[in-house]
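Please read the following points with the model open beside them.

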Amino acid sequence: VQRDLNIAVAEFTELKQQLERDTLVLSVLKKLQEFDTTIKECNSALLEKQYVTAAQQLEKARSSLRSLESRRGFELKILKALGTELTVQTQNMIYHLGEEWQKLIVWKLPPSKGSSSLEAVVLSELHLHTVPPQDEDTAVPPVAAVLQALAVLGELHSKLKDFGQLLLQYILKPLISHPSLEPVPEEEPDVFILRFRSQELALDESSPMEVFDKIKLVFEVLHKYLLNVPLEQPGEGREEGRVTLAELLGELIWEELSDCLIHNCLVNSIPTNSSKLEQYKEVIESTEEFEKALKKMQFLKEDTTALLKYACNVDSHFANKKCQDVIMAARSLMTSEIHNTVKITPDSSIALPELPDPGSGDHLKMPRPCSLLHNGTVNLGGEGRLSPFTLCLPTCRISCSVQQLVELAYHTLLEATASTDLCCVQLFDCVRNIFQLFYEVVPTYHRENLQKLPQLAAIHHNNCMYIAHHLLTLGHQFRYRGTSVLSNGAATFVDLVPGFRRLGMECFLAQMRVQKGEILERLSSARNFSNMDDEENYCAANKAIKQVLHQLRRLGSVWQDVLPVNVYCKAMGALLNTALAEIVTRIAALEDISAEDADRLYSLCRIMVEEGPQVFTPLLEEDKNKKYQEEVPVYVHKWMTFKELMIILQANLQEIVDQWADGKGPLAEEFSAAEVKSLIRALFQNTERRAAALARIK
């Protein structure tokens, strides 16, 4: 029994395996039959131009082939042939659909293909043979069938992408870029034609409303004749997978189209003045309507709002555009010539905007002279009154470009006070950036001229002081405008003042060092003022002094009416003092001075005393300069020292002792006892009288 049972199990196992093989063979044969049937039905449908059915049969055949190829351990040589057949049938189908696509959508492009110039675009035409036919027996299949078949085969995306690029290049972008271009739709019995014409009288830039209307017209006609076709997307549920051609095209071209609309249309429409921001609401409303229209045509998804977001963010864009324009204007002023100047006086009126009176809230006052300081006298509570020009900038010359730069800053801040908080902060920062840019750009850009030309160094000094003068009160003057951002006290420019003052002083002091170096170099050729009885030595010293005076006169001339009077006098005084101090040092160091030497040294010193004050000419009016020439001792510290040296050169021993007056006389104020003794030893021979005089110099 056991043996019979084993035999039965073996037979059962063999029969089971045979059944599995037969079942597998049967299923493969069924799939082969399905493949063959679908290919035949596809060919039949293709002959009848039933493209959707043909495409669906091809996809069924592809599914059957995949099922066969997925079976492991069961390989048929026929599968390779079937794959080749499927590829041939697919390509044949795509070719036929491509032919139909070209019949449906015909582009007539200009000879210079690729050009998007106005002349080329005017010659472009789009013909849509998708007008519903009046003759029902027409051989042209409905547009929906062709599009659905392409969608089933996965070829619709590439066709739409090519169509979208042509649409952008020859229709949409030119309509945005060329204000004179307008679309001209024409409908004929069997075709719709989109042409273009150029208006002769057109503005340089189209308003966004006009551009939106043109683009909307194009999409409306495309929606009517082509894009309003529902399609079944393969691989998705029947309800959820239904999309329109408009949705698919929108996904392909909207990003590029919206960028073009923003950068070539909306950007140009952003106001350059805050007073026009209210009028921009019309653009925002038009943008919203445009997006709604495209969403209604299903070209855009409901959550797409790129254009509207950009338009609504007009305050930020206005501030960015304004800041960019202001910085460009400021940089242009900074790189312009420094030597074109304008005279600034304490009572001069400057073209600055109307600003609020600090005690009057939002009320405005008329601009006041001299950087908006009070014109009248100020009562101190007692009998004393300040001058009306107290705290005003002294009379001097500044560059026209710097005056315009400060005016630009005032007008920008005035614009800021009329803007939103965000915009206000950006414009305020922009004004700070202007002055920081000046601090970096001007000394670098004009470095060579500032080092070589004394007049430009003086003008640059005035420019920096002028800017610093305005920065002191610039923030406070706008504190009482309505905007809370500026009224909290944080809007100030005072921190920039020390830097600008230092910038001006360093430039001018560098020029002073150069001039002092030249003076000392000229005096070095005077042969230490020794042996003046030698004619050659005397001529060299005389020439050196004449050269120094000529240099001082030249500087006095180029700085005249440029520097403020007090700065002018201090500068000229410092340079003249350098010359006198050097002469005094050289003469005091001489060990032997003969009577003839003393006379000649005295004559040289007299030239300096007579002609030195004449270099003080701060004003153009000669008669007004006498006052400053008489005040030379105030500005030249070594003036009295120099005059005492001249007295010593001509005095006898008793006169020198009298001038010393036991260390209490005028001579003692200017020279030390050692210096006086040295001069006495050089001037007088060693006698008892000299010894007695030296003994009295203590």
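1. In this predicted model, helix H7 (residues 208-227) lies across strands E1, E2, E3 and E4. Its direction makes an angle of about 25 degrees with E3.

2. Helix H6 (residues 156-177) also lies across E1, E2 (125-128), E3 and E4. H6 runs at about 50 degrees to E1.

3. In what order do the four strands stand? The sheet is open, its order is E1-E2-E4-E3, and the pairing is antiparallel. At the edges are E1 (105-108) and E3 (181-187), each of which pairs on one side only. From one strand to the next, the twist averages 20 degrees.

4. The pairing of E3 with E4 (residues 192-198) deserves a separate look. These two strands are joined by seven bridges in the antiparallel sense. Pro183 is found opposite Phe196 in E4.

5. Which residues of helix H22 (residues 622-630) are buried? They are Asn625, Tyr628 and Gln629. Viewed down the axis of H22, these buried residues fall within an arc of 100 degrees, and therefore they line one face of the helix. The general rule is that an α-helix has 3.6 residues a turn, so residues three or four places apart point the same way.

Technical notes: Residues are numbered from 1 along each chain as its sequence is written. This is a predicted model: local features need pLDDT of at least 70, side-chain atom pairs count only at pLDDT 80 or more; totals for chains, interfaces and linings use all residues. Side-chain values use heavy atoms; hydrogens and water are left out. Buried means under 20% relative accessible area, exposed over 50%, partly exposed in between (1.4 Å probe, protein chains only). The arc is that of the directions from the helix axis to the C-beta atoms. Two strands pair if DSSP finds at least two bridges between them. Axes are lines fitted to C-alpha atoms, for helices over the stretch in contact, and angles run from 0 to 180 degrees between N-to-C directions. Contact means heavy atoms within 4.5 Å.
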